[in-house]
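Hi,

Here is the structure I promised to pass on to you. Have a look at it first, and then read on for what turned up in it.

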Amino acid sequence: MDKLAVVVPCYNEEEVLKIASQTLRDVLEDLIRKEKIADDSFILFVNDGSKDRTWELIEEEHAVYPTRVCGVKLAGNVGHQFALTAGLITAKDMSDVTVSIDADLQDDVAVIEEMIDKFHAGCDIVYGVRKERKSDTFFKRTTAQTFYKLMSLMGVKTVYNHADFRLMSKRAVEEFSKYKETNLFLRGMMPLIGYQTDNVYYDRKERVAGESKYPLKKMLALAFNGISSFSVKPISWILGAGLVIIFISILAAVYALISYFTGHVVQGWTSLILSIWFLGGMQLLAIGLVGQYIGKIYMEVKGRPRYNIEKVLTGDSKREA
């Protein structure tokens, strides 16, 4: 039977970690009892530089359940996408299949069994997809839908209403590990891997405890990173906007000439000032957008490590990384 690793990135999750550990251990025990996974399957908590007692709690869980609960301690906070990547690549050599899920347990753990069934049926990647967004606020629901439509418009392959709750086979993770870019957007990278995929659908729940670690600012940053990491169309749009403005300027010049020769010149500075401000704003926007792309190139060519693993707790050992 295949050995399953459930990868759980954690940042300041002391309020929910014990609950998540118990819930996921119950899921593993049920799947083992049904003979769908190997009995040495495990949970891999990834501590993303938490400032609370998250790592201490992971060590406590590992001490009580040494073969069932493992841990990875990153040397500092690197963000959710890097922490998840660290967990997946660490689990790659320790398991045959991985399932990634957030510690808040908003994703329905009950569909992990369905994911495993689809994996046994030949799927290398199984996406957990929300059925609907009725529990979201109007703002969050609208912005999420707009984001997915924008990504589709730009030619980026994503799975609608899918976050980072997914199953990946060992060979899928191995292929993913070959992607070395610094600007990670996993939802857009996974469809690039190929292989056979499928979806499972579920209703998203409320957090069992604690507060969301993805406020609006981080969500917007993730959305922009996703767009700018997979498409250069925003730059093309700026070029198009510039051409439109030039065309409008030519029309305005023709109008000014006609007004001059017909003696209907209107004195004033309002239209001039508005034009200057508008064009200045467009120029700053264009420079800033191009600068963002150049900044991404700058970060990529440095080739710095994406994360640094300080310590790993495994089923039979504890080692310094």
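A salt bridge, as I use the term here, is a side-chain nitrogen of Lys or Arg within 4 Å of a carboxyl oxygen of Asp or Glu. By that criterion K36 pairs with E113, their closest N and O atoms being 2.6 Å apart. This pair ties distant parts of the chain together, since K36 sits in the loop between α1 and β2 while E113 belongs to helix α4, 77 residues apart. K36 is buried, with a relative accessible area of 19%, just meeting the cut-off of under 20% for that label. Through shared partners, salt bridges join D30, R33, K34, K36, E113 and D117 into one network.

Before going further, please keep in mind that this is a predicted model. The mean pLDDT of the protein chain is 79, and 70% of its residues reach 70 or more. Where pLDDT is low, the predicted coordinates should not be read in detail.

**Overall picture**

The protein chain has ten helices and nine strands. It runs to 321 residues, of which 44% count as buried. Among contacts with a separation of 6 or more, 83% are between residues 24 or more positions apart. The accessible surface of the chain is about 17,100 Å², and carbon and sulfur atoms contribute 60% of that.

**More on the salt bridges**

There are 18 salt bridges in the structure. One of them joins the side chains of E60 and K18, at 3.4 Å from N to O. Here too distant parts of the chain are linked, with E60 in helix α2 and K18 in helix α1, 42 residues apart. Both ends are partly exposed: E60 has 34% relative accessibility, and K18 has 35%.

D30 and R33, two members of the network described above, form a salt bridge with their closest N and O atoms 2.8 Å apart. Both residues lie in helix α1, and because they are three residues apart there, about one helical turn separates them. D30 is partly exposed at 22% relative accessibility, whereas R33 is exposed at 60%.

In soluble globular proteins, nonpolar side chains tend to be buried together. In this model the largest nonpolar core has 37 residues, and L4, V8, L24, F45, I112, F165 and L167 have the most contacts inside it. At least two residues of this core come from each of β1, α1, β2, α2 (54-64), β4, α4, β6 (162-169) and β7 (197-202). Helix α1 gives the largest share, seven residues. Apart from this core lies another, of 29 residues, including L74, F82, I125 and A172.

Leaving out residues up to four places away in sequence, L167 touches V97, T98, V99, M115, I116, F119, D124, I125 and V126.

**On the surface**

V244, F247, I248 and L251 make up a nonpolar surface patch, with about 390 Å² of accessible area together. V244 is part of helix α9 (residues 233-262) and is partly exposed, with a relative accessible area of 46%.

**Some loop residues**

Which residues have a positive phi although they are not glycines? N12 is one, at about 55°, and L105 is another, at about 60°. Most residues other than glycine have a negative phi. N12 lies in the loop between β1 (4-10) and α1 (17-33) and is partly exposed at 22% relative accessibility. L105 is in the loop between β4 (97-100) and α4 (112-120), and is buried at 7%.

K131 is found in the loop between β5 (125-130) and α5 (138-153) and is exposed, with a relative accessible area of 51%. Beyond its neighbours within four places in sequence, K131 is in contact with Y201, Y202 and D203. The C-alpha atoms of K131 and D203 are 5.7 Å apart, although 72 residues separate the two in sequence.

T314, in the loop between β8 (309-313) and β9, is buried, with a relative accessible area of 12%. Not counting residues up to four places away in sequence, T314 touches H62, P66, C70 and M94.

Best wishes

Conventions
Residues numbered from 1 in each chain as written. Predicted model: local features only at pLDDT ≥ 70, side-chain atom pairs only at ≥ 80, totals over all residues. Heavy atoms only, no water. pLDDT = per-residue confidence, 0-100. Helix = DSSP H or I, 4+ residues; strand = E, 2+ residues; numbered from the N terminus. Buried < 20%, exposed > 50% of the residue type's maximum accessible area, 1.4 Å probe, protein only. Contact = heavy atoms within 4.5 Å. Areas by Shrake-Rupley, 256 points an atom, 1.4 Å probe, with all protein chains shown as cover. Patch = residues over 30% accessible without salt bridge, like charges linked within 9 Å, V, L, I, M, F, W, Y side chains within 5 Å. Core = buried A, V, L, I, M, F, W, Y, C linked by side-chain atoms within 4.5 Å.
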